[in-house]
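Dear colleague,

Please find below the structure that I am handing over to you. The findings follow directly after it.

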Amino acid sequence: MPSPALAQVKPPPKAKLKPRVAAHPNDGAADRLNAKWLRENGATAGAPKTEGATPVSLTTPTAAASNNWGDRLVSRAMQYLGTPYRYGGVSPSTGFDCSGFVYYLYGAVFGQRIPRMPHDMARQGTPVARNELKRGDLVFFGYRGTFTHMGVYAGNGQFVHATHSGSPVMVTPLDSDYYRQRYITAVRLSPQ
């Protein structure tokens, strides 16, 4: 039986990925951020393209600031916008689930092996108050103390995450209705 921390819906076998849709109808800001990032950094194969999106400010690290581990983590995470969701996935070539995405990022950016399960990541990190979030902090969602989703805080009230079956890696506001109601905690898991 899978851990409650991975209580995500498993896609049916050989299911075709649906076209990208917003996780929630009120998340227009996430679509604009995704479109802006893709315009500025070039769309990769399979990445969604959004026409007519209004630009939204997202602080992008400069070369001088890229020494900060949080900026490096977020910059790498943004390279995977549009990567398909895959239950249990830990690779950009096959897709990611939410914790697999974070697990992969720590290995790719820092060469560090961290726990694979969200509750273990949360235990290993240092708790961070929501009003003190910094780029690269891990944010956790769920209910009644059980983690059902997680992502990487990207700054400006946004987080980047592997969403759910049928949707790719994307940027979403922490205050979107769905995630605001399910926010549990955040931790800072500094690389070693």
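Tyrosine 178 is part of helix α5, which covers residues 177-182. With a relative accessible area of 32%, tyrosine 178 is partly exposed.

The mean pLDDT is 77, and 65% of the residues reach 70 or more. Over residues 1-30 the pLDDT is below 50, yet this stretch has 54 contacts in the model beyond near neighbours in sequence. Residues 41-67 also have a pLDDT under 50, and the model gives them 39 contacts beyond four places in sequence. Where pLDDT is low, the predicted coordinates should not be read in detail.

Overall architecture

The chain has 192 residues, of which 48% are buried. Its secondary structure consists of 5 helices and 8 strands. Read from the N terminus, the order of these elements is α-α-β-β-α-α-β-β-β-β-β-α-β.

Helix α2 spans residues 69-78 and is mostly covered, with 7 of its 10 residues buried. The buried residues are Trp69, Gly70, Asp71, Leu73, Val74, Ala77 and Met78. An α-helix has 3.6 residues a turn, so residues three or four places apart point the same way. The N-terminal end of α2 is capped by asparagine 68, which places a side-chain oxygen 2.7 Å from the backbone nitrogen of glycine 70.

How do α2 and α3 cross? The axes of α2 and of helix α3 (residues 98-110) come within 10 Å and cross at roughly 115°. The crossing of α2 past α3 is right-handed. On the α2 side, the contact is made by Trp69, Arg72, Leu73, Arg76 and Ala77. On the α3 side, the contributing residues are Phe101, Leu105, Tyr106, Ala108, Val109 and Phe110. By type, the residues of this contact comprise 9 nonpolar, no polar and 2 charged. Of the α2 residues in the contact, Trp69, Leu73 and Ala77 are also listed among the buried residues of that helix.

The two ends of helix α3

Aspartate 97 sits in the loop between β2 (95-96) and α3. Is this residue buried or exposed? Aspartate 97 counts as buried because its relative accessibility is 0%. Its side chain reaches the backbone nitrogen of glycine 100 at 2.6 Å.

Glycine 111 is found in the loop between α3 and α4 (118-124). This glycine is exposed, because its relative accessible area is 66%, above the cut-off of 50%. The C-alpha atoms of glycine 111 and proline 191 are separated by 9.0 Å, while the two residues are 80 residues apart along the chain.

Loops between the strands

Arginine 144 has a phi near 50° and lies in the loop between β4 (138-143) and β5 (146-155). At 84% relative accessibility, arginine 144 counts as exposed. Asparagine 156 likewise has a positive phi, of about 50°, and belongs to the loop between β5 and β6 (158-162). Asparagine 156 counts as partly exposed, at 43% relative accessibility.

Threonine 163 lies in the loop between β6 and β7 (169-173). Because its relative accessibility is 4%, threonine 163 counts as buried. Which residues does threonine 163 touch, not counting those up to four places away in sequence? They are Tyr85, His149, Pro168 and Met170. With proline 168, the side chain of threonine 163 reaches the backbone oxygen at 3.2 Å.

Yours sincerely

Key: Residues are numbered from 1 along each chain as its sequence is written. Side-chain values use heavy atoms; hydrogens and water are left out. Buried means under 20% relative accessible area, exposed over 50%, partly exposed in between (1.4 Å probe, protein chains only). Helices (H or I, at least four residues) and strands (E, at least two) are DSSP runs, numbered from the N terminus. A polar contact is a pair of N or O atoms within 3.5 Å; within protein, one must be able to donate a hydrogen and the other to accept it, and residues adjacent in sequence count only if both atoms are side-chain atoms. Axes are lines fitted to C-alpha atoms, for helices over the stretch in contact, and angles run from 0 to 180 degrees between N-to-C directions. A crossing is left-handed if the near helix is turned anticlockwise from the far one by less than a right angle, and right-handed if clockwise. Contact means heavy atoms within 4.5 Å. Ala, Val, Leu, Ile, Met, Phe, Trp, Tyr, Cys and Pro count as nonpolar, Asp, Glu, Lys and Arg as charged, and the others, Gly among them, as polar. pLDDT is the predictor's confidence in each residue, from 0 to 100.
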